[in-house]
Amino acid sequence: MIVTIDGPAGSGKSTAARKLAARLEIAYLDTGAMYRAIALCALQRGVELSDADALVRTAASVQLSLDCGPTHTRVRMDGHDVSEAIRTMAVSAATSPVAKHPAIRKMLVEQQRSIGQRLGSFVSEGRDQGCVVFPEADVKFVLDASLERRAERRFQEL
């Protein structure tokens with residue numbers, strides 16, 4: 001079974017996906033963690049976030065692996081667990097500039113599909129999950145929330 005959850009930042013995708021995966025006892029795939037890991041790598045390497053070519057080279061050079069359990073997604077970057085490091089404010093701020101590049105999105109979509117094949121059954125949340133990454137998903141959700149509620153959720157998260 002493949003379940004996807006799409007929606008804007010702060011709409012509750014991650015919370016809903018973790019709870020649903022736990023309830024169904026299947027893996028939780030946090031695709032945003034992959035973009036965060038590339039942003040962390042770029043920051044660590046001193047890559048200018050406005051340099052598209054350098055960001056794409058960084059994304060192509062980093063080795064990402066995900067351990068997807070029903071309530072978590074652990075992220076390893078070049079063999080190091082960065083699951084906590086990707087949740088800092090600096091990485092959060094750097095993630096959007098990374099995620100906007102089509103070449104990086106293409107790379108990560110391919111990796112997400114590969115992870116999905118390995119997992120078999122999972123709940124995936126993130127950008128374009130139901131329409132682009134896993135269009136064959138059995139169930140697709142789109143969550144939304146008011147701007148005020150999304151801002152409140154982000155504030156509480158940070």
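This is a predicted model: local features need pLDDT of at least 70, side-chain atom pairs count only at pLDDT 80 or more; totals for chains, interfaces and linings use all residues.
In which hand of crossing does H2 pass H3, left-handed or right-handed? The crossing is right-handed.

The axes of H2 and H3 come within 10 Å and cross at roughly 115°. Angles of 65 to 115 degrees count as roughly perpendicular, so H2 and H3 are roughly perpendicular to each other. H2 brings Ile 38, Cys 41, Ala 42 and Arg 45 to the contact. H3 answers with Leu 55, Thr 58, Ala 59 and Ser 61. By class, that contact holds 5 nonpolar, 2 polar and 1 charged residues.

Now follow H3 to its other partner here, H5. H3 covers residues 52-61. Its axis and that of H5 come within 9 Å, crossing at roughly 15°. An angle under 35 degrees counts as roughly parallel, which makes H3 roughly parallel to H5. The crossing of H3 with H5 is left-handed. Leu 55, Val 56, Ala 59 and Ala 60 of H3 meet Ala 103, Ile 104 and Met 107 of H5. The residues here are 7 nonpolar, with no polar and no charged ones. Leu 55 and Ala 59 belong to this contact, and both also belong to the contact of H2 with H3.

H5, residues 102-119, packs on H2 as well. The angle is about 130°, and the axes lie 10 Å apart. H2 and H5 are therefore oblique to each other. Their crossing is right-handed. From H2 come Met 34, Tyr 35 and Ile 38. From H5 come Ile 104, Arg 105, Leu 108, Gln 111, Gln 112 and Ile 115. This contact divides into 6 nonpolar, 2 polar and 1 charged residues. Ile 38 takes part here and in the contact with H3. Ile 104 touches H2 and also H3.

Which element gives the largest share of the lining? H4 does, with 5 residues. By class, the pocket lining has 8 nonpolar, 16 polar and 13 charged residues.

Methods
Residues are numbered from 1 along each chain as its sequence is written. Side-chain values use heavy atoms; hydrogens and water are left out. Helices (H or I, at least four residues) and strands (E, at least two) are DSSP runs, numbered from the N terminus. Ala, Val, Leu, Ile, Met, Phe, Trp, Tyr, Cys and Pro count as nonpolar, Asp, Glu, Lys and Arg as charged, and the others, Gly among them, as polar. Axes are lines fitted to C-alpha atoms, for helices over the stretch in contact, and angles run from 0 to 180 degrees between N-to-C directions. Angles under 35 degrees count as roughly parallel, over 145 as roughly antiparallel, 65 to 115 as roughly perpendicular and the rest as oblique. A crossing is left-handed if the near helix is turned anticlockwise from the far one by less than a right angle, and right-handed if clockwise. Contact means heavy atoms within 4.5 Å.
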